[in-house]
Amino acid sequence: MRALKYSINVTLDGCVDHRVGLVDAELHRRSADLLAQAGVLLFGRVTYLMMEEAWRPPLAPGMPEWTQPFASVIDAAPKVVVSSTLDSVDWNAELVRSGLEAAVRELKRAPGGPILTGGVMLPTELARLGLIDEYEFVVHPRGVGHGPTLLAGLDEPLDLELVGREEYRSGAVAMQYVPRSR
């Protein structure tokens with residue numbers, strides 16, 4: 001069974017707004033490598049539309065050269081989009097309109113590399129359902145005092161065990177966790 005991994009950038013005060021993290025070539029390369037290992041990307045509507053707008057070719061003029069590997073990998077990756085409001089998706093994507101738990105369990109049973117998810121609302125629901133096998137928080141050394149927060153609205157505490165850690169020149173630290181019950 002393939003693993004479902006959740007990866008997100010987060011500030012020291014828990015903000016997961018994609019516009020407030022530190023962006024550099026090293027972290028972008030790391031994200032491209034993470035995406036390249038995935039067998040499929042699992043997105044909610046908001047994350048899918050945001051990623052499609054930013055990374056579907058043609059890219060906006062003036063994008064730094066070091067963003068190209070990430071752009072190439074995300075463009076080619078197969079995607080599954082969970083949404084009850086979208087009528088259709090493309091960009092190498094298929095749509096799941098209902099039955100989230102059953103759909104994710106079926107994805108996990110399918111052959112291939114790990115399932116990678118990001119975003120805010122969908123991963124919180126996946127955590128509630130106990131479907132996430134690995135959590136990765138890339139903690140950026142800044143506080144912003146606003147924005148959506150990590151795993152906001154969980155019904156019960158989520159106890160995690162640290163299984164990996166990587167530091168970057170920017171001061172960001174990527175930490176990998178698994179649910180403590182495993």
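A polar contact is a pair of N or O atoms within 3.5 Å, where, within protein, one atom must be able to donate a hydrogen and the other to accept it, and where residues adjacent in sequence count only if both atoms are side-chain atoms. The structure discussed here is a predicted model, in which local features need pLDDT of at least 70 and side-chain atom pairs count only at pLDDT 80 or more, while totals for chains, interfaces and linings use all residues. Residues are numbered from 1 along each chain as its sequence is written, and side-chain values use heavy atoms, with hydrogens and water left out.

**Arg-2**

Arg-2 lies in the segment before strand 1, which covers residues 4–11; strands (E, at least two residues) and helices (H or I, at least four) are DSSP runs, numbered from the N terminus.

| Backbone oxygen | Distance to a polar atom of the Arg-2 side chain |
|---|---|
| Pro-111 | 3.4 Å |
| Gly-113 | 3.1 Å |

Arg-2 is buried (under 20% relative accessible area, with over 50% called exposed and partly exposed in between, using a 1.4 Å probe and protein chains only). A salt bridge needs a side-chain nitrogen of Lys or Arg within 4 Å of a carboxyl oxygen of Asp or Glu; Lys and Arg count as positive and Asp and Glu as negative, while His and the chain ends are not counted. Leaving aside neighbours within four places in sequence, Arg-2 is in contact (heavy atoms within 4.5 Å) with several residues, among them Gly-39, Val-40, Leu-107 and Asp-133.

**Gly-164**

Gly-164 lies in strand 7, which runs over residues 160–167, and it counts as buried because its relative accessibility is 18%. Not counting residues up to four places away in sequence, Gly-164 touches Ala-174, Met-175 and Gln-176. The C-alpha atoms of Gly-164 and Val-178, which are 14 residues apart along the chain, are separated by 9.6 Å.

**The whole chain**

The protein chain holds five helices and eight strands, and along the sequence these follow the pattern β-α-β-α-α-β-β-α-β-α-β-β-β. Its radius of gyration is 16 Å, close to the 16 Å that the globule rule gives for 182 residues, so the chain is as compact as a globular protein of that length. That radius is taken over C-alpha atoms, and the rule is 2.2 Å times the number of residues to the power 0.38. Of the 182 residues, 43% count as buried.
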